[in-house]
2 protein chains.
Amino acid sequence: MKEVRARRPLADSTAVHDRVYDAIRQALITGKIAPGVGVSLRSLAAELGVSPMPVRDAVRRLVAERALAINPANKRLSVPSLSAERLEQLELARQWIEPELAARAAPRADEALVRRLKAIDLDLEEALRVGDVDRYMVANHAFHFAIYERAGAEVLLAMAGGLWLQIGPFMRVVFGRVGTGSLPADRHAEAMDALKARDAEGVRRAIAADLSEGMDKMRAAVEAGAGLTAAPTGQTVITVSGGKV
Amino acid sequence: MKEVRARRPLADSTAVHDRVYDAIRQALITGKIAPGVGVSLRSLAAELGVSPMPVRDAVRRLVAERALAINPANKRLSVPSLSAERLEQLELARQWIEPELAARAAPRADEALVRRLKAIDLDLEEALRVGDVDRYMVANHAFHFAIYERAGAEVLLAMAGGLWLQIGPFMRVVFGRVGTGSLPADRHAEAMDALKARDAEGVRRAIAADLSEGMDKMRAAVEAGAGLTAAPTGQTVITVSGGKV
DNA sequence: CGCGCAAAATTGCGATCACAATGCACGAAC
DNA sequence: GTTCGTGCATTGTGATCGCAATTTTGCGCG
């Protein structure tokens, strides 16, 4: 297949490897890529319609961010599995950094931010009602990071992004289990109220509670045997609630 | 120079891009690369005696870890400068994560660890006496991470490593200024004593104090105007473990 | 029917080439 | 002497090729 591809000007805002990165990242955050399955550079490249090179670059970044793992022997990459220890550390880190970001965002909050959050939250609740997992994941991520970005703390924000990237694939598992049951939207409402009042500690508490509830569910799911163990070799399709993801 | 290079078996423990990564990382941590200076893939490749390709991979990882910055317009990369805000966030993150790692290491400490720490600390003090900045930086890094690794917390350890990578280039600036003056070895002694006693909170306090003192100096240096221009202490010579200049 | 070994396919890594874009420098114009 | 424009060098990016190693397949033998 020696197809001649139209050459893209390099100075446009997004290089190919950046778009590939965003595509894989989004797939990870929203849990579209099941943990444990092995992927190859060439297969990803073929799927995305690019050469293996930009995929290599994107994968390097994701591996550096611990969003993808690479088997040292195989050199084959997969989504890392979530052990109990890993979950515990990720929860600890999230519980420290995300309320901190939220608290820092409080004094910088304005009407526009609250309006945007409200819109996102409405979309989130709608997704919950209709059971659209993808939409829920995207909205939840958007809600949190709309707040965090307001903190204006680049380093902390990047750390938080890395943490979400690591737990993203598993949040979907949890949501798939919990379904449209208990919704953390109340915590979101608390956060928005506190933001409107510039109440830093209130925002911190609301986000901490939101995280705590979500991570509780996730811990329960992991302990309940959704323990997604990536087999050392071969492809392991994680099954949750009886269905293939 | 179209020299035919001997091909290295791929399955040996370290790939070329990994060795390049380690080389640049070590150069960053020990502050061998001054902040603000721009580097290019080809120049790095020529310096290391490899093709630009593995350098690209290594640089991707380092950019993902925020150890290198890439100008969005230029697409040119450099060591990111340390602004006051960045320093504040890095300090906050370090003050949270590193004492936590140290505390977790305490119950797992044994005689061998303390002996190793003692050896490192002796080397560190020796480096301080003779004013060998490189040696001091290496020893200090080794001391802290010998403890942190004992915590057995992979996620937190990786985060701490990323933080050191980001402030590494500036620690050298600071200690190049402070010279062999006030030495934080006492905190190291406190940490070792607490480790020997399995006193988690004691280790936590010692590491927190050690960090606090170091970051105080760094903040003073940054405020004094060392933000962008580092002390040009020698050329940036990076050597990969294989030898080739 | 099962097991083991060899051949073919797949995969990651590194090198080299091509190309667009930017940076840099030398020289001309006023 | 200063400033602006044009040509050359350098840089990052992506594609393609070659290679070694691993995985998978296929087939023959027990």
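Predicted model: local features only at pLDDT ≥ 70, side-chain atom pairs only at ≥ 80, totals over all residues.

Guide: A place to start is chain B, where two bridges join strand β1(B) to β3 (residues 77-78), and the two strands run antiparallel.

Visitor: What makes β1(B) and β3(B) a pair?
Guide: Pairing needs at least two bridges, and two bridges join β1(B) to β3(B), so the strands count as paired. B:G38 stands opposite B:S78 of β3(B).

Visitor: In what order do the three strands of the sheet in chain B lie?
Guide: The order is β1-β3-β2, in an open sheet with antiparallel pairing. β1 (38-39) and β2 (69-70) of chain B are called edge strands because each pairs on one side only.

Visitor: Why is the contact between A:D57 and B:R60 called a salt bridge?
Guide: The cut-off is 4 Å between a side-chain nitrogen of Lys or Arg and a carboxyl oxygen of Asp or Glu. The side chains of A:D57 and B:R60 meet at 3.2 Å, N to O, so the label applies. Across the interface of chain B and chain A the rule finds six salt bridges.

Visitor: Which elements of chain B give two or more residues to the side that touches chain A?
Guide: They are α3 (52-64), α4 (84-105) and α7 (154-178) of chain B. The largest share, nine residues, comes from α4(B). The contact takes 29 residues from chain B and 29 residues from chain A. The area buried between the two chains is about 2,500 Å², and carbon and sulfur atoms give 62% of that area.

Visitor: Is A:E100 buried or exposed, and how do you know?
Guide: Buried means under 20% relative accessible area. A:E100 has 14%, so A:E100 counts as buried. A:E100 lies in helix α4 (residues 84-105) of chain A. Leaving out residues up to four places away in sequence, A:E100 touches A:L156, A:R204 and B:L92.

Visitor: What makes A:R204 and A:E100 a salt bridge?
Guide: Their side chains meet at 3.2 Å, N to O, within the 4 Å cut-off, so the pair counts. A:R204 lies in helix α9 (residues 200-226) of chain A and A:E100 in α4 of chain A, so the pair ties together parts that are 104 residues apart in sequence. A:R204 is partly exposed, with a relative accessible area of 26%.

Visitor: How do you know that A:R61 and A:D18 form a salt bridge?
Guide: The closest N and O atoms are 2.9 Å apart, which is within 4 Å, so the pair passes. The pair links distant parts of the chain: A:R61 is in helix α3 (residues 52-64) of chain A and A:D18 in helix α1 (residues 16-29) of chain A, 43 residues apart. At 22% relative accessibility, A:D18 counts as partly exposed.

Visitor: Where do B:R94 and B:E98 lie?
Guide: Both lie in helix α4 of chain B, four residues apart, about one turn of the helix. B:R94 forms a salt bridge with B:E98, the closest N and O atoms being 2.7 Å apart. Both residues are buried.

Visitor: What makes A:E88, B:E100, B:R104, B:E201 and B:R204 one network?
Guide: They are joined by salt bridges that share partners.

Notes:
Residues numbered from 1 in each chain as written. Chains lettered and ligands numbered in written order. Heavy atoms only, no water. Contact = heavy atoms within 4.5 Å. Buried area = accessible area lost by both parts, 1.4 Å probe. Buried < 20%, exposed > 50% of the residue type's maximum accessible area, 1.4 Å probe, protein only.
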